[in-house]
Amino acid sequence: MPEDQSINGDIWTEEANHLLKKIGWEKIADSNIDVPGTDGYMHGIDSIFTFFDGFRPNKEQAVFLEAKRYLTSSFNGSKFNDWIRVIDLKIRSLKDSQDFFDRYPSLESCNVRNALLVVWFHDFENYPQFREKIDKALMNVKLPGTRGGSKTNKLFVLTNDGICKLASIVKSVSDWN
């Protein structure tokens with residue numbers, strides 16, 4: 001079975017949203033929205049966040065979140081290529097869409113070139129044996145190139161290990177405070 005549909009997928013999107021809010025990112029709009037792009041299509045976005053980058057504090061960063069929930073047994077390594085290609089196309093279509101900025105005016109002053117793909121494999125007892133397949137799939141991703149001199153988008157991927165590390169840091173900081 002591919003990504004869990006409907007309720008389980010929505011639950012995972014909300015869990016990912018909760019984690020990103022805990023690290024101080026600001027959620028923009030609702031979850032699971034459709035946004036018009038310059039290509040004439042509506043693009044589904046799980047969530048949009050903003051944050052300030054410590055290395056470039058003069059410009060807020062916008063991040064498109066794509067959250068997936070999968071079984072290790074139904075995952076195919078080529079899915080990363082598909083997801084990353086689609087996310088890249090969404091960013092390229094939305095970053096120049098006046099309809100997008102009319103709907104979310106706070107993003108107009110942001111750097112809209114970032115995406116975070118968060119994939120949770122919920123049969124986590126199988127994940128340790130599966131980790132090597134994920135690492136190999138990520139190493140084989142063909143990154144989208146720039147088109148027409150435009151800047152390269154920043155696409156980040158977190159799977160179970162990275163998600164757990166981030167959650168642990170959030171808990172440690174919370175406990176410390």
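Reader: Which residue forms a salt bridge with Glu 66, the closest N and O atoms being 3.2 Å apart?

Author: This is a predicted model, in which local features need pLDDT of at least 70, side-chain atom pairs count only at pLDDT 80 or more, and totals for chains, interfaces and linings use all residues. Residues are numbered from 1 along each chain as its sequence is written, and side-chain values use heavy atoms, with hydrogens and water left out. A salt bridge here is a side-chain nitrogen of Lys or Arg within 4 Å of a carboxyl oxygen of Asp or Glu. At 3.2 Å between the closest N and O atoms, the salt-bridge partner of Glu 66 is Lys 68.

Reader: Which residue of helix α2 pairs with Glu 66 in strand β5?

Author: Helices (H or I, at least four residues) and strands (E, at least two) are DSSP runs, numbered from the N terminus. Glu 66 also meets a lysine side chain in a salt bridge of 3.5 Å, N to O. That pair links distant parts of the chain, 24 residues apart, and the partner in helix α2 is Lys 90.

Reader: Why does Lys 90 count as buried?

Author: Buried means under 20% relative accessible area, exposed over 50%, and partly exposed in between (1.4 Å probe, protein chains only). Glu 66 counts as buried because its relative accessible area is 12%. Lys 90 is buried because its relative accessibility is 14%.

Reader: Which residues are linked with Glu 66 in a network of salt bridges?

Author: The structure holds six salt bridges. Glu 66 is buried, as is Lys 68. The network joins Glu 66 with Lys 68 and Lys 90.

Reader: By about how much of the helix are Arg 92 and Asp 88 separated?

Author: Their side chains meet in a salt bridge at 2.8 Å, N to O. Both Arg 92 and Asp 88 are buried. Because they lie four residues apart in helix α2, the separation is about one helical turn.

Reader: In what order do the five strands form the open sheet?

Author: Two strands pair if DSSP finds at least two bridges between them. β1 and strand β4 (residues 47–53) pair in the antiparallel sense over three bridges, with Glu 26 opposite Thr 50 in β4. The pairing in the sheet is mixed, and the order is β1-β4-β5-β6-β7.

Reader: Which strands are at the edges, each pairing on one side only?

Author: The sheet is an open one of five strands. The edge strands are β1 (26–28) and β7 (154–158).

Reader: Which side chain of opposite charge is nearest to Asp 123?

Author: Asp 123 is found in the loop between β6 and α4 (127–139). Its side chain makes a polar contact (a pair of N or O atoms within 3.5 Å; within protein, one must be able to donate a hydrogen and the other to accept it, and residues adjacent in sequence count only if both atoms are side-chain atoms) with the side chain of Thr 72, at 2.7 Å. Lys and Arg count as positive and Asp and Glu as negative, while His and the chain ends are not counted. Asp 123 is buried yet has no salt bridge, and the nearest side chain of opposite charge, 8.6 Å away, is Arg 69.
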